Amino acid sequence: MRWLIFLVLVALFPFVAIADPILIGMHCQSNYLRAGITTVSGSFDVYNDDNLLFTVATGQQADITAVSGKVNIFFSGKNHTGFKKLHFKASVASEFKAQPAGQKATTRIYKGELIAFSTNGHLQLVNKIDIEDYVAGVIEAESGSGQLAEYYKVQAVISRTYALNNRTRHIADGYEICDATHCQVYHGKPRHEPLAEKAAAATASIIIVDHQINLITAAFHSNCGGNTINAEEAWSKPVPYLIGRRDTFCLKMPNHRWEKSIPQEKWQSYLKQKRHSGDLA
């Protein structure tokens with residue numbers, strides 16, 4: 001479970017970005033060249049630009065491969081090749097699985113739509129999804145199951161705020177937010193905790209802003225070790241609402257104390273590298 005460092009103001013923020021679907025980079029912690037896409041429910045029309053290639057119905061699978069900067073797709077015994085981008089569009093509420101080749105079989109199921117393209121020598125999958133469905137998935141992935149409903153509502157507001165404030169973080173990569181800890185963990189729709197979707201719906205469009213009505217930096221963590229720190233101690237500048245505070249709650253949670261051993265030569269090499277790069281004074 002993770003907790004926000006500090007909350008300042010919760011507001012209903014009626015701007016269009018909340019209503020827009022969000023683009024989530026999938027399986028961002030690994031590189032892969034091929035993935036199998038299976039329709040779990042409904043159906044998907046597969047497009048190259050405005051050209052409809054075929055429809056993948058419930059239970060059918062299509063295999064996508066990245067080759068020489070393009071994507072190929074194999075479906076129903078036929079190989080379609082040489083596309084810059086593929087778009088799986090759902091005419092009705094549909095769900096799919098995406099299984100990258102070489103990875104452990106996943107039970108992740110995704111709502112929304114799928115975009116596939118080749119980048120930097122590997123295949124990239126992107127989930128285009130309603131932000132409230134995304135938030136529900138983040139709640140379970142970040143908080144686990146078995147928590148109180150109000151806890152999940154707090155996580156929903158934090159995660160929604162974080163996502164909207166970081167929508168440009170991965171624009172250069174062809175999506176907005178990644179699905180790993182670099183952004184927020186997201187494994188598709190909730191599978192074990194029904195309260196996750198209820199919490200997202202109950203707090204829909206609610207975010208956290210500062211006194212200038214700007215989205216806050218909604219940073220959160222698994223365990224602070226008993227004390228949070230000022231923003232400038234972790235990042236480049238102070239933030240008035242991210243101030244270090246004693247937090248005895250963390251002392252009662254797992255992993256509040258830990259240690260790591262580093263060989264002396266490795267530590268000295270690290271310090272030398274940082275000193276040469278200017279990261280150390």
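Which residues have the most contacts inside the largest nonpolar core? The legends below start there. The model is predicted.

**View 1. The largest nonpolar core.** This core has 64 residues. Those with the most contacts inside it are I37, I64, I73, F88, L123, L125 and Y134. Helix 3 (residues 149–165) gives the largest share of this core, 8 residues. In soluble globular proteins, nonpolar side chains tend to be buried together.

**View 2. F88 and its contacts.** Sequence neighbours within four places are left aside here. F88 is then in contact with I37, F44, D45, V46, V56, A62, I64, I73, E113 and L114. Two of these partners, I37 and I64, are also listed with F88 among the core residues with the most contacts.

**View 3. H27 in its loop.** H27 sits in the loop between strand 3 (22–26) and strand 4 (34–41). Is H27 buried or exposed? H27 counts as buried because its relative accessible area is 7%, and the cut-off for buried is under 20%. A polar atom of the H27 side chain lies 3.4 Å from the backbone oxygen of A98. Beyond its neighbours within four places in sequence, H27 is in contact with Y32, A98, P100, Q103, R108, Y110 and D179.

View 4. R108 is buried, at 17% relative accessible area. D179 is buried too, at 5%.

**View 5. The salt bridge between E197 and K111.** Here the closest N and O atoms are 3.3 Å apart. E197 is in helix 4, while K111 is in the loop between strand 11 and strand 12. The two lie 86 residues apart. E197 is partly exposed, at 34% relative accessible area. K111 is partly exposed as well, at 22%. Salt bridges link K111, D133 and E197 in a network.

**View 6. The salt bridge between R160 and E132.** These side chains meet at 2.7 Å, N to O. R160 belongs to helix 3 and E132 to helix 2 (residues 131–143). R160 is buried, with 0% relative accessible area. E132 also counts as buried, at 15%.

**View 7. A nonpolar patch on the surface.** I262, W267 and Y270 form this patch. Together they have about 310 Å² of accessible area. I262 lies in the loop between helix 5 (231–234) and helix 6 (264–277). At 43% relative accessibility, I262 is partly exposed.

Definitions and conventions
Residues are numbered from 1 along each chain as its sequence is written. This is a predicted model: local features need pLDDT of at least 70, side-chain atom pairs count only at pLDDT 80 or more; totals for chains, interfaces and linings use all residues. Side-chain values use heavy atoms; hydrogens and water are left out. Patches are made of residues with over 30% relative accessible area and no salt bridge: like charges are joined within 9 Å, nonpolar side chains (Val, Leu, Ile, Met, Phe, Trp, Tyr) within 5 Å. Accessible areas come from the Shrake-Rupley method with a 1.4 Å probe; for residues, only the protein chains shown count as cover. A salt bridge is a side-chain nitrogen of Lys or Arg within 4 Å of a carboxyl oxygen of Asp or Glu. Helices (H or I, at least four residues) and strands (E, at least two) are DSSP runs, numbered from the N terminus. Buried means under 20% relative accessible area, exposed over 50%, partly exposed in between (1.4 Å probe, protein chains only). A nonpolar core is a set of buried Ala, Val, Leu, Ile, Met, Phe, Trp, Tyr and Cys residues joined through side-chain atoms within 4.5 Å. Contact means heavy atoms within 4.5 Å. A polar contact is a pair of N or O atoms within 3.5 Å; within protein, one must be able to donate a hydrogen and the other to accept it, and residues adjacent in sequence count only if both atoms are side-chain atoms.
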